[in-house]
Amino acid sequence: MDIKHKVEGLIKKYKTNDPYEIAEHYRSVHIIRHDLHESVRGLYQYYKNNRIIYINKNLNTHEQKIVCAHELGHAFLHTKLNMLFLEMYTFTSRNKIERQANAFAAELLLPDKIFRAYDGYSYQEIAYLEDIPFEMVQLKAERLQQK
């Protein structure tokens, strides 16, 4: 699965890397902000040809955007996947699927040019300056090194 190619295609098609704008343009993706349990930042559901992203409305605006990018990854990479079913009845790894959604969010929110602009900076510094979780910056950097 070429996540980078998928993300670049979406950015090119919709002329934005904003997860909300991409969801808005893609008619079958619906975003619902809801008062979720504090341990749940967001979740993705596929129901009757609709891709539904639930975001915990108690998160700050920036955190909601990061969660939206991650859940959008599930919407485009794992469209009809039912994690509860997979965990109960198969050997599919939740970690692999979550890592793919994180990679999607990292590709969407951290263009390659950011790493060129911050040449010589540590991943921690880039995470701080871009206000992106360190793990996401690290994942993006690993993906860049695999080229």
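Q: Why is Q64 called buried in this model?
A: The relative accessibility of Q64 is 8%, and a residue is called buried under 20% relative accessible area, exposed over 50% and partly exposed in between, with a 1.4 Å probe and protein chains only; Q64 therefore counts as buried. This is a predicted model, in which local features need pLDDT of at least 70 and side-chain atom pairs count only at pLDDT 80 or more, while totals for chains, interfaces and linings use all residues. Residues are numbered from 1 along each chain as its sequence is written, and side-chain values use heavy atoms, with hydrogens and water left out.

Q: Where does Q64 lie, and what does Q64 touch?
A: Q64 belongs to helix α3, where a helix is a DSSP run of H or I with at least four residues, a strand is a DSSP run of E with at least two, and both are numbered from the N terminus. Contact is defined as heavy atoms within 4.5 Å, and by that criterion Q64 touches Y20, R33, I55, N56, K57 and L59, not counting residues up to four places away in sequence.

Q: What makes H62 partly exposed?
A: H62, also found in helix α3, has a relative accessibility of 29%, a value between the two cut-offs, and is therefore classed as partly exposed.

Q: How do you know that H62 is in contact with residues beyond its neighbours in sequence?
A: Once neighbours within four places in sequence are left aside, H62 is still in contact with E130, D131 and I132. The C-alpha atoms of H62 and I132 are separated by 9.0 Å, although these residues are 70 residues apart along the chain.

Q: What makes the approach of H62 to D131 a polar contact?
A: The side chain of H62 reaches the backbone oxygen of D131 at 2.2 Å. A polar contact is a pair of N or O atoms within 3.5 Å; within protein, one atom must be able to donate a hydrogen and the other to accept it, and residues adjacent in sequence count only if both atoms are side-chain atoms. The value of 2.2 Å therefore falls within the cut-off of 3.5 Å.

Q: Why is N49 called exposed?
A: N49 lies in the loop between β2 and β3, and its relative accessibility is 59%, above the cut-off of 50%, so N49 counts as exposed. N49 also has a positive phi, of about 65 degrees, although it is not a glycine, while K48, in the turn of the β2–β3 hairpin, has a positive phi of about 50 degrees.

Q: What makes a set of residues a nonpolar core, and which residues have the most contacts inside the largest one?
A: A nonpolar core is a set of buried Ala, Val, Leu, Ile, Met, Phe, Trp, Tyr and Cys residues joined through side-chain atoms within 4.5 Å. The largest has 36 residues, and L72, F104 and M136 have the most contacts inside it. The largest share of this core, eight residues, comes from α3. Leaving aside neighbours within four places in sequence, L72 is in contact with P19, I22, A23, V29, I53, F104 and L108.

How values were computed:
Two strands pair if DSSP finds at least two bridges between them.
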